[in-house]
Amino acid sequence: MQKQKNMKHGAAGLFFLFGLLFFVLISRFLYIQVTGTAGGEVLASKIEKKYEKKQVLEAKRGSILDTKGEVIAEDTSAYILRAVLSKKEPEHVKDPEMTAAKLAKYIDMDEQEIYERLTKKGPYQVEFGSAGKDLTQVVKQKIEKMQLPGITFGRTNKRFYPNGIFASHLIGYVEKDEKTEEMTGKFGIERYLNKELQERDGKLTFDSDSEGFLLPDAKEKVVAPDNGNDVMLTIDKKIQTFLEDSLSKVQAKYDPEQIIAIVSNPKTGEIVAMGQRPTFHPITKVGLTDTWRNLAIEETFEPGSTMKTFTLAAAVEEGVFNPNDSFVAGTYKAGSGEIHDHSGIERGKSMTFLEGVQRSSNVAFATLAMDKIGADTFREYLTKFGFDNKTGIDLPNEITGKIQYKYKLEKVTTAFGQGSTVTPIQQIQAASAIANEGKMMQPYVIKSISDQDTGKVLKTTKPKVNGNPISAETAKQVRDYLETVISAKKGTGSKYALDGYEVAGKTGTAQIAGPTGKYLVGKNNYVFSFLGMAPKDDPQLVMYVAVKQPKLGESSVGADPLSEIFNPVMQNSLQYLNIKPSDVKKQKASKIVDYTNQTDSSATKELKELGYDVSTIGNGRKVLDQSPKAGSTLLQGEKIILRTEGEMKVPDMKGWSLRDVMKLAKVAKLDLKTTGTGYVSKQNLEAGKKVKEGDSFTIELSQPDGATEDIPTNEKTE
């Protein structure tokens with residue numbers, strides 16, 4: 001009886017327990033049905049995630065184009081290599097060893113490493129790291145041709161720079177942002193206009209079954225991809241190519257620390273070419289460093305004698321430049337300090353101001369700035385020419401130089417380009433006023449921004465006048481004076497003469513301040529530069545080029561690497577732009593005859609009538625020898641040395657070229673020794689001293705322009 005009673009109690013307990021469990025389950029079911037949540041998560045969302053499939057619709061980053069629409073940077077298709085390992089799939093890797101051996105021929109990965117990836121346990125499919133990414137269409141087709149089971153490809157976009165290092169410091173590059181996984185501009189235009197260029201991928205969303213197939217009557221949700229905008233630059237691909245080729249040749253030949261070059265249209269301010277060395281490759285990143293910068297706008301330095309261009313312009317505008325007035329070259333007192341002319345100019349020599357311009361006399365320009373224009377007025381012109389402010393060019397990180405103008409010596413040295421600092425782009429802007437009838441144009445590189453899909457222009461840059469520092473008449477006069485720097489017999493710019501076009505320009509040789517604050521010494525420790533425009537009467541292009549610390553050979557001068565950039569770029573660009581050549585008077589070239597056994601007087605008279613510069617060594621009447629020899633072809637103005645009978649006396653060779661000195665040494669049979677480069681500044685045998693065949697003599701050569709060791713450091717002296 002007791003046992004039966006206990007069984008009833010047990011049954012009642014089980015009934016109660018199961019009833020309670022049933023109640024809990026019903027309650028939970030009702031709760032889930034009403035709220036749609038479980039464990040704090042929305043079940044519909046989980047189901048949607050499980051059965052909702054997403055497909056990325058890739059957008060394209062905007063292209064960067066040159067002024068004529070030629071591609072400089074664009075997105076192109078690239079492919080990702082994948083291998084399906086799951087044996088549930090009909091097409092999976094069935095022979096890993098064979099597959100690895102064949103893939104190793106086309107991707108940069110060891111065969112063994114490929115095999116290890118293909119034999120991994122567990123994953124549905126594998127990729128091959130960086131070696132399997134960014135594959136070209138050609139490589140993809142070659143792999144597909146092998147028909148390897150389980151080998152598939154995914155498609156993506158890759159940034160492509162078809163011209164390699166072409167203006168890379170200006171264009172920049174892109175790379176994937178680790179946080180956002182987006183391709184982001186990291187330098188230059190790619191960074192500066194990243195928002196405009198940036199693409200936004202779209203997506204396709206649809207409901208699927210457990211196998212991933214679209215469900216019947218399911219609706220696809222599409223968010224369309226948003227392609228980035230295209231950017232058209234003012235850069236002309238053809239002119240930029242001329243520049244890149246010349247820069248590479250000079251870099252290889254002279255191995256300078258830096259080269260900077262800019263070509264602009266002075267009528268508009270458009271930068272048509274901009275290059276520098278060192279440079280980098282935007283795809284491989286070879287040459288890229290953490291301290292990389294665009295030297296044209298992010299580098300300041302003492303410009304040297306190219307700054308005299310603007311001192312001259314100020315003097316002409318003020319009406320105080322008389323080309324025929326004279327001054328005494330050599331030394332100029334600046335407070336308690338002194339500045340000196342370079343050693344190619346005789347101290348104490350009286351010369352005209354125009355000759356001072358042609359020969360780049362520091363004293364001439366110090367006199368113009370301080371005594372003719374006036375220090376305060378000259379300072380105002382520096383502001384008018386834009387040297388106190390950034391140009392406003394549409395590129396990131398532009399800086400400005402600093403005009404040192406407190407002490408008398410600083411004021412004087414600023415007039416010829418030492419002490420104060422400027423940027424290359426500031427000089428290009430200032431030069432546009434001289435080339436463009438007094439109107440100074442703001443430089444720019446972004447021509448327009450357009451919608452990639454419709455071609456609609458969204459933004460256009462219009463030329464902007466940044467000031468009128470001089471009149472049109474002054475600009476013309478300055479160009480005329482600067483043309484003589486190229487064409488005058490002793491002009492410092494003779495190497496920059498072009499065939500068929502008159503060039504107006506100014507050379508520069510600037511000292512470099514060392515870590516101690518003192519200027520560096522030595523033949524190579526200068527920034528050599530040239531600022532030129534052509535054609536002279538109506539300049540279509542202005543070009544600035546600077547070469548820092550080139551490794552010059554014994555017979556080379558700073559103008560050599562500069563002219564090897566300026567001349568081919570300017571000549572080819574003018575011809576490419578169909579600029580009509582001007583009526584430049586060509587020097588006649590002819591073969592000289594044999595003057596030996598003639599009298600000195602008759603030979604000299606005939607040669608001078610033909611336009612040659614004649615020097616005689618020997619005091620006799622009969623010509624014994626000549627250099628160059630008979631039959632040599634010479635241009636008008638070249639020097640011919642005649643050796644006559646009688647005793648020989650050393651001529652005054654100051655200002656002679658090494659080539660002319662060698663002519664004399666050859667006909668006189670003297671043992672010549674030289675130091676330095678450029679033109680004769682010193683000779684160990686005084687002019688008029690008797691010499692005989694076999695005697696030894698030494699000459700010292702110096703640069704013909706700007707700052708040499710004769711220029712003092714900028715001491716703060718009143």
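A cavity, on a 1 Å grid over the protein atoms alone, is a set of points where a 1.4 Å probe fits but cannot get out, and lining residues have an atom within 4 Å of a point. This is a predicted model, where local features need pLDDT of at least 70, side-chain atom pairs count only at pLDDT 80 or more, and totals for chains, interfaces and linings use all residues. Residues are numbered from 1 along each chain as its sequence is written, and side-chain values use heavy atoms, leaving out hydrogens and water.

**Stop one: the cavity.** Select Ile-72, Tyr-161, Asn-163, Gly-164, Phe-166, Ser-168, Ile-171, Gly-172 and Pro-282, which line the largest cavity. It holds about 40 Å³ of space.

**Stop two: a pocket.** A pocket is an open set of points with protein on both sides within 12 Å along at least five of seven lines. Pick Thr-156, Asn-157, Lys-158, Lys-176 and Met-183, the closest to its centre of the 28 residues that line it. Now colour strand S7 (151-160): S7 gives the largest share of this pocket's lining, four residues. (Strands are DSSP E runs of at least two residues, helices H or I runs of at least four, numbered from the N terminus.)

**Stop three: a salt bridge.** That's a side-chain nitrogen of Lys or Arg within 4 Å of a carboxyl oxygen of Asp or Glu. Show the side chains of Glu-437 and Arg-479, which meet in one at 3.6 Å, N to O. Glu-437 lies in the loop between helix H16 (424-435) and strand S19 (440-441) and Arg-479 in helix H17 (residues 472-487), so the pair ties together parts 42 residues apart in sequence. The structure holds 28 salt bridges.

Definitions and conventions. Points joined across faces, edges and corners; volume = space filled by probe spheres on them.
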